[in-house]
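Below is a short briefing on one protein chain. Please look at the sequence and structure first, then read the points by topic.

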Amino acid sequence: MRKIKVLIPVFNDWRSVFKLLENINSEVSTLEGEFSVIIVNDASTESRPELLANLDSLKSIKVINMKENKGHARCNAAGLKHVNEKEDFDYIIPMDGDGEDRPEELSLLIEKIKNYPDAVITANRVKRSEGFLFKFCYLFHKYLTLVFTGQTIKYGNYTCLPKFIVNEMVNEPATWSSFSGSLAKLVKDKKSIPSERGTRYFGSSKMSLINLLKHSLSIIAVFKITLLIRSILFLIAYLFLMVGKISIITLIPVIGVIIMMISVIALSKRENRKEFNDSLKNIESIDKIK
């Protein structure tokens with residue numbers, strides 16, 4: 001029987017996580033496999049409430065309590081490293097803990113690995129629920145990534161990862177900065193399922209336009225060499241076409257590309273192998289709540 005670990009990073013949003021656990025328990029009750037959940041508590045400042053629900057379809061639930069808050073991406077990376085080194089598993093399914101990664105799609109992921117047991121399965125967004133401005137910015141982010149890196153990335157953390165891929169990811173420094181960027185770098189042939197962005201269980205989304213920009217540049221930073229080459233070629237071609245037409249207006253694209261190059265180089269320093277290797281030292285305790 002396949003041993004599947006669902007990995008959920010959380011910072012304070014315990015109500016959403018506990019509701020997600022109930023929904024995961026309901027969804028996996030009819031699926032083949034042994035399901036366990038590992039929650040990575042990113043140094044939450046709010047106390048974890050008592051788990052009252054009877055989650056009988058889940059083999060176990062553990063909470064890894066971190067000493068210092070490192071942010072969502074690094075919290076997720078540390079969770080992957082812990083599971084890879086300390087747990088017995090066949091697959092890891094990382095999920096956001098707020099309900100936007102829909103547990104109803106777990107059945108699609110599990111059905112897919114029956115046909116492709118050694119493949120990475122990604123949940124590719126086919127429908128989003130944000131407002132027009134955010135959707136426009138997200139579309140711009142996708143095309144920007146495609147133009148400057150050659151990568152089309154339609155997925156986030158919500159994936160199904162075979163054990164050997166998890167091992168590769170925890171040895172890739174880019175995972176410490178960008179999960180989806182690292183996965184795109186390491187795995188070229190992926191299978192996918194269609195995924196709709198769910199509605200948050202409680203509260204409002206933490207993915208602001210600023211966070212989306214940082215997320216986009218963090219992905220691009222994984223492919224910084226490709227970015228630099230394409231950016232230089234763009235600048236040479238653009239300035240050649242603009243000879244005799246240089247003005248403040250025509251220089252805007254040039255300034256934009258230069259700012260992007262500088263930002264990406266700065267963000268690429270987040271790919272810190274030593275910090276990633278030492279990330280488990282940030283664990284304060286591990287609670288088994290089921």
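The side chains of arginine 74 and glutamate 275 form a salt bridge, with N to O at 3.4 Å; a salt bridge here is a side-chain nitrogen of Lys or Arg within 4 Å of a carboxyl oxygen of Asp or Glu. Arginine 74 sits in helix α2 (residues 72–86) and glutamate 275 in helix α10 (residues 273–277), so the pair links distant parts of the chain, 201 residues apart. Helices (H or I, at least four residues) and strands (E, at least two) are DSSP runs, numbered from the N terminus.

The model is predicted: local features need pLDDT of at least 70, side-chain atom pairs count only at pLDDT 80 or more, and totals for chains, interfaces and linings use all residues. Residues are numbered from 1 along each chain as its sequence is written, and side-chain values use heavy atoms, with hydrogens and water left out.

**Overall form**
- The protein chain has ten helices and eight strands.
- Its C-alpha trace spans about 75 × 40 × 35 Å along the principal axes.
- Buried residues make up 50% of the 290 residues, where buried means under 20% relative accessible area, exposed over 50% and partly exposed in between (1.4 Å probe, protein chains only).
- The accessible surface comes to about 14,300 Å², and 57% of that belongs to carbon and sulfur atoms; areas come from the Shrake-Rupley method with a 1.4 Å probe, and for residues only the protein chains shown count as cover.
- Of the contacts (heavy atoms within 4.5 Å) between residues at least 6 apart in sequence, 84% join residues at least 24 apart.

**Salt bridges**
- The structure holds 18 salt bridges.
- In the pair described above, arginine 74 is buried at 13% relative accessible area, whereas glutamate 275 is partly exposed at 36%.
- Arginine 125 pairs with aspartate 101, their closest N and O atoms being 3.2 Å apart.
- Arginine 125 lies in strand β5 (residues 121–127) and aspartate 101 in the loop between β4 (91–94) and α3, so this pair ties together parts 24 residues apart in sequence; both residues are buried.
- Lysine 185 pairs with glutamate 172 at 3.3 Å between the closest N and O atoms.
- Lysine 185 is in helix α6 (residues 179–186) and glutamate 172 in the loop between α5 (163–169) and α6, 13 residues apart.
- Lysine 185 is partly exposed at 35% relative accessibility, and glutamate 172 is buried at 9%.

**Lysine 5**
- Lysine 5 lies in strand β1 (residues 3–10) and is buried, with 9% relative accessibility.
- Salt bridges link Lys5, Lys62 and Glu87 in a network.
- Beyond its neighbours within four places in sequence, lysine 5 has contacts that include Ser36, Ile38, Glu87 and Phe89.

**Helix α3**
- Leu106, Leu109, Ile110 and Ile113 are buried in helix α3 (residues 106–115).
- Seen down the axis of α3, its buried residues fall within an arc of 95 degrees, so they line one face of the helix; the arc is that of the directions from the helix axis to the C-beta atoms.

**Cysteines**
- There are zero disulfides, a disulfide being a pair of cysteine sulfur atoms within 2.5 Å.
- The sulfur of cysteine 75 has its closest cysteine sulfur in cysteine 160, 20 Å away and therefore too far for a bond.
- Cysteine 75 is buried at 3% relative accessible area, and cysteine 160 is buried at 0%.
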